[in-house]
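Subject: Structure handover

Hi,

As promised, I am passing the structure on to you.

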Amino acid sequence: MLRQTPNHDSVAVTGSVIGLFSCLFGWFTFKPNRLVAGTSFSLWESAGWGIAAVIIMLWLLCLALSLTGSGKKRAILLGILANLLLVVTFILAGLETGRLMAGEVSFARVSLGAGVWITLAGVYIVIFGIRQRLFGSRIWLNLISWTGMVVFVVLLATGWLNNVSIMQEFMGREERFIQELLRHIYLFGGSVAVATILGIPLGILAVRSKRAEKPVFFIANITQTIPSLALFGLLIAPLSALSFAFPVLREFGIRGVGATPAILALIIYSLLPIIRNTFVSLRQLDPAVIDAGFGMGMSPGRVFRKIEMPLAAPLVLEGIRTASVQAVGNTAVAALIGAGGLGWFIFQGLGQAATDLIVLGALPIIGLALIVDAVMRTAVRLATPKGLTGGDS
Amino acid sequence: MIKLENATKYYGVSIAVDSLTMEINQGETCVLIGPSGCGKTTTLRMINRLVEPTSGRIYVNGQDTSQIKPDQLRKSIGYAIQSVGLFPHLSVAANISVVPELLKWDKGRTAERVEELLTLVGLDPAEYAHKYPNQLSGGEAQRIGVARALAADPPTLLMDEPFGAVDPLTRERLQAQFALIQKTLKKTVILVTHDLDEAIRLADRIAIMASGKLVQYDTPEVILSHPQNKFVHDFVGTDRALKRLSRMGIESLIKDTPSIKVSASMKEAQAICRRSRWIWVTGEDNRLIGWLDGAILKEASSVSEATVYGEAEEIAVTRNATLKEALSRMLGQGLKSIPVVDDKNHLLGELTLSDIELITAAAETKDNA
């Protein structure tokens, strides 16, 4: 390697220090019922000094490794350590919650304390920091990035984490959870699909016609400045008026509250990134390339299919990615106007001051956003023509 | 053959091309030149209907272009532009195959043609066919652009500053190569440029344009010796005599010159030195490798020791160089003669400054007569 590497990795150092700090906070909180404050237990109080020492040792090792160099071997070692910490934390979470819950009544809850969350944050900061050093070897990159997630899912499936309070909330509402998760996917997926079908032609129209460009962007931009909650609210009045005037519309689900205004608002939000990226993707094309296409006798349709479309596709997909990730988050708010979705748990939790319920809604939304992001990034990568990737054939 | 009859183009109220009438003969290279905004590019683009004339008619091979569908017309006319416009998402081979594909050639024939064309423009097919445009240098890209324009072997070629976007050295090489290709292909070429040297070098006829009108349309020789009016006179500049040299080849001026093999004995060398102070030195394979100074030979122990070595590309010109190139090399190196080599660097003879003077003086008197 010719590039001179700095002799430490500041991101991994930050992650390790944060990880060490986790030991200063409580790891588990026992509550006789889910509404009271409860008692907090530190790492050594619950797991004992031995385990605490092992965890502190692992973090110190991480810190030492990230302070003393930034080579690839070190990155792999750091990645293994980080994943080890993750697995130990997950196992501990199952063990300790089980121990604390033993013999308790069903109202009792053991929730994960700040220490656990900080540990997770520290681990993923370290992994994020070393990722770029591993771009050379896809196997290690994927192994280190995803092992923790896989272990988590396996533990979840085997019931190891069933005593954690969030899981207890989940188990009481399993059917509802799956229903709301599917509804969430339906709401954001449907909206983005419709926004794509509308947005791409609008973007093309804006590029092709000077007259259309201004109004298209004026409307698309202005909708972005309305806060999502306000937009959801704003749509209630006209839609309920509409359904009152034409009651037959109610049979198609058009009402002031529920899915219709939510989907409408989400479509409006998703339009701008898609229109804008379609517009830019076509506008940025080298005019000489288009001119050459026509000059060689391609028909306008062929120029569009063979030149403009393949060259514009990555940027258009990038717009759909932005819209999708944004829509996953915005859909949470849709629960407020009765559209359902994972936001329902968040607002229920807020109403009952039940943190675990909020987390039960929020965590899957984050997970969903990450998955959608990863899937769309892959799509962008696959759609990028070989000649545009900067190099080797 | 291409014929323009009162071809006119208005953009709004401003006129870009003003009732242009001209004919371009089969197999000739016609260069459109003039100050920017003179309408030369518009004229070019009217021929393949990338720009529709406001009025007037244009005929390509006897057919009125307004009667042919634009796509159809363009498939039969090669088109190369300054910014090349290679499709970045397609490999070099796929770029060249665009028109053959539009014409529905079968795969085998297209692949063969790609190979043929890459070889023609001097790029190794094995190395270049699968490259992408972003892996090419500017000069390579422009050569691919020319190859692409030639793909379906169109009888007519439209080129808009095809050698514009590269450094002067590369441009000169591309021009020389194009001149050579055109010598064998004999396409009807219309080339737009703002570089007078390029026009003089490549054109059979130059069309000088100003504000949408044709000012003078003639062979480079006539334009240089008899500019029609003050505009053309100023446009071709005060170095007309020098420019004319670039229309003249050196081949007829090459004369024999003493040379010696590097392995020759001292005796042979001394014999030649009695007749001439400078001797060109060649290797065993007759390739030029340097020269020898009689004065140094006296103190040396072998021919090889007395030889001043130099690359043939540096010290000699090739037989298809122009007088202008040869002269500029001589002046640059302060020599009164320069060796001439063939394309394998074999020594053919030499060219002397006094011969160049003679021939230019003769041309001058012929013009004034």
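The side chain of A:Gln326 reaches the backbone oxygen of A:Tyr269 at 3.4 Å, a polar contact (a pair of N or O atoms within 3.5 Å; within protein, one must be able to donate a hydrogen and the other to accept it, and residues adjacent in sequence count only if both atoms are side-chain atoms). A:Gln326 lies in helix α13 of chain A, residues 300-334; helices here are DSSP runs of H or I with at least four residues, strands are runs of E with at least two, and both are numbered from the N terminus. With a relative accessible area of 27%, A:Gln326 is partly exposed; buried means under 20%, exposed over 50% and partly exposed in between, using a 1.4 Å probe and protein chains only. Setting aside residues up to four places away in sequence, A:Gln326 touches A:Gln224, A:Tyr269 and A:Pro273, where contact means heavy atoms within 4.5 Å. A:Gly129 is 197 residues from A:Gln326 along the chain, and their C-alpha atoms are separated by 25 Å.

Before going further, a word on the ground rules. This is a predicted model, in which local features need pLDDT of at least 70 and side-chain atom pairs count only at pLDDT 80 or more, while totals for chains, interfaces and linings use all residues. Residues are numbered from 1 along each chain as its sequence is written, chains are lettered from A and ligands numbered from 1 in the order in which they are written, and side-chain values use heavy atoms, with hydrogens and water left out.

Helix α9 (residues 210-225) and helix α11 (residues 259-283) of chain A pack at an angle of about 140°, with axes 8 Å apart. The axes are lines fitted to C-alpha atoms, for helices over the stretch in contact, and angles run from 0 to 180 degrees between N-to-C directions. α9(A) passes α11(A) in a left-handed crossing, that is, the near helix is turned anticlockwise from the far one by less than a right angle. Among the residues that meet there are A:Val216, A:Phe217 and A:Gln224 from α9(A), and A:Tyr269, A:Leu272 and A:Pro273 from α11(A).

Elsewhere in chain A, have a look at A:Thr89, in helix α4 (residues 72-101). A:Thr89 is buried, with a relative accessible area of 2%. A polar atom of its side chain lies 2.6 Å from the backbone oxygen of A:Leu85. Leaving aside neighbours within four places in sequence, A:Thr89 is in contact with A:Trp27, A:Val116 and A:Thr119.

For chain A overall, the secondary structure comes to 15 helices and three strands. Its C-alpha atoms fill a box of roughly 75 × 70 × 30 Å along the principal axes, and 47% of its 393 residues count as buried.

Over to chain B, which has 18 helices and 17 strands. The C-alpha atoms of chain B fill a box of roughly 80 × 55 × 30 Å, again along the principal axes. Buried residues make up 50% of its 369 residues.

B:Asp106 caps the N-terminal end, with a side-chain oxygen 3.1 Å from the backbone nitrogen of B:Gly108. After the helix comes B:Gly122, whose phi is positive, near 80°. In the loop between α4 and α5 of chain B sits B:Lys104, which has a positive phi of about 60° although it is not a glycine. B:Lys104 is exposed, with a relative accessible area of 72%.

Happy browsing!
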